[in-house]
Amino acid sequence: MSKRVALALALVSVAGACGMVRESRLNPFNWFGQDQSETAAVSEDGPVDARPLVDRIMSVNIERVSGGIIVRATGLPPWQGYYDIALTPMNGGLPIDGVLRFAFRAFPPAEPARAG
């Protein structure tokens with residue numbers, strides 16, 4: 001009888017851990033095929049920001065970490081020297097239909113510089 005109880009407890013604990021493993025890096029189903037490509041139009045709904053939008057966004061990576069996510073974006077400005085680069089929240093930082101929107105902005109340099 002004790003073997004059956006031990007086996008039942010083991011199965012219940014393994015089945016209960018499936019929810020935690022589902023979104024873990026340990027799950028091989030999460031290793032490939034999670035990238036998504038979307039084209040989005042940018043609207044000026046949020047607060048006024050003096051920085052212009054970055055011309056071309058080359059990549060956006062989203063990492064899940066404990067307590068939230070990290071969004072990393074890479075852009076290609078027309079020349080070197082852009083500074084104070086940031087993803088700024090739109091719509092006051094509130095989601096619309098479950099979607100948070102960001103604008104990728106940077107200040108241009110005082111004088112355009114050639115790529116070296």
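Predicted model: local features only at pLDDT ≥ 70, side-chain atom pairs only at ≥ 80, totals over all residues.
## The overall layout

Let's begin with the fold elements. The chain has one helix and four strands, and along the sequence they follow the pattern α-β-β-β-β. The helix, α1, covers residues 2–21. Strand β1 spans 56–65, β2 spans 68–76, β3 spans 83–89 and β4 spans 102–107.

How much of the chain is buried? Of its 116 residues, 10% are buried. The chain exposes about 9900 Å², and carbon and sulfur atoms supply 60% of that area. Among the contacts with a separation of 6 or more, 46% are between residues 24 or more positions apart.

Arg51 sits in the loop between α1 and β1. Is Arg51 buried or exposed? Its relative accessibility is 10%, and because buried means under 20%, Arg51 counts as buried.

Which residues does Arg51 touch, apart from its neighbours within four places in sequence? They are Asp84, Ile85, Ala86 and Thr88, together with Arg105, Ala106 and Phe107.

## Salt bridges

The chain has three salt bridges. In one of them, the side chains of Arg51 and Asp49 meet with N and O 2.9 Å apart; the two side chains are also joined by a polar contact of 2.9 Å. Asp49 is partly exposed, with a relative accessible area of 24%, whereas Arg51 is buried.

Arg51 also forms a salt bridge with Asp84, where the closest N and O atoms are 3.6 Å apart. This pair links distant parts of the chain, with Arg51 in the loop between α1 and β1 and Asp84 in strand β3, 33 residues apart. Another salt bridge is between Arg72 and Glu63, with their closest N and O atoms 2.8 Å apart. Both of these residues are partly exposed: Arg72 has a relative accessible area of 45%, and Glu63 has a relative accessibility of 27%. Through shared partners, salt bridges join Asp49, Arg51 and Asp84 into one network.

## Thr88 and its surroundings

Thr88 lies in strand β3 and is one of the residues in contact with Arg51. At 14% relative accessibility, Thr88 counts as buried. Leaving aside neighbours within four places in sequence, Thr88 is in contact with Asp49 and Arg51, and also with Arg101, Phe102, Ala103 and Arg105.

How far apart are Thr88 and Asp49 in sequence and in space? They are separated by 39 residues in sequence, and their C-alpha atoms are 8.8 Å apart.

Asp84 belongs to strand β3 and is partly exposed, with a relative accessible area of 44%.

Asn91 is not a glycine either, and its phi is positive at about 60 degrees. Where is Asn91 found? Its place is the loop between β3 and β4. Asn91 is buried, with a relative accessible area of 15%.

## Aromatic rings

There are two aromatic pairs in the chain. In the pair formed by Trp79 and Tyr82, the ring centres are 6.0 Å apart and the planes meet at 45 degrees, so the pair is tilted. Trp79 is partly exposed, at 32% relative accessibility.

Ile57, Val60, Ile62, Ile69, Val71, Leu87, Leu100 and Phe102 make a nonpolar patch of about 710 Å². Two elements, β1 and β2, each give two or more residues to the patch. Which element supplies the largest share? That is β1, with three residues.

Ile57 is one of the patch residues, and its place is in strand β1. At 49% relative accessibility, Ile57 counts as partly exposed. Phe102 is also in the patch, and Phe102 is among the contacts of Thr88.

Conventions. Residues numbered from 1 in each chain as written. Heavy atoms only, no water. Buried < 20%, exposed > 50% of the residue type's maximum accessible area, 1.4 Å probe, protein only. Polar contact = N/O pair within 3.5 Å; in protein donor to acceptor, adjacent residues only side chain to side chain. Contact = heavy atoms within 4.5 Å. Phe/Tyr/Trp six-rings, centres within 6.5 Å; stacked < 30°, edge-to-face > 60°. Areas by Shrake-Rupley, 256 points an atom, 1.4 Å probe, with all protein chains shown as cover. Patch = residues over 30% accessible without salt bridge, like charges linked within 9 Å, V, L, I, M, F, W, Y side chains within 5 Å. Salt bridge = Lys/Arg side-chain N within 4 Å of Asp/Glu carboxyl O.
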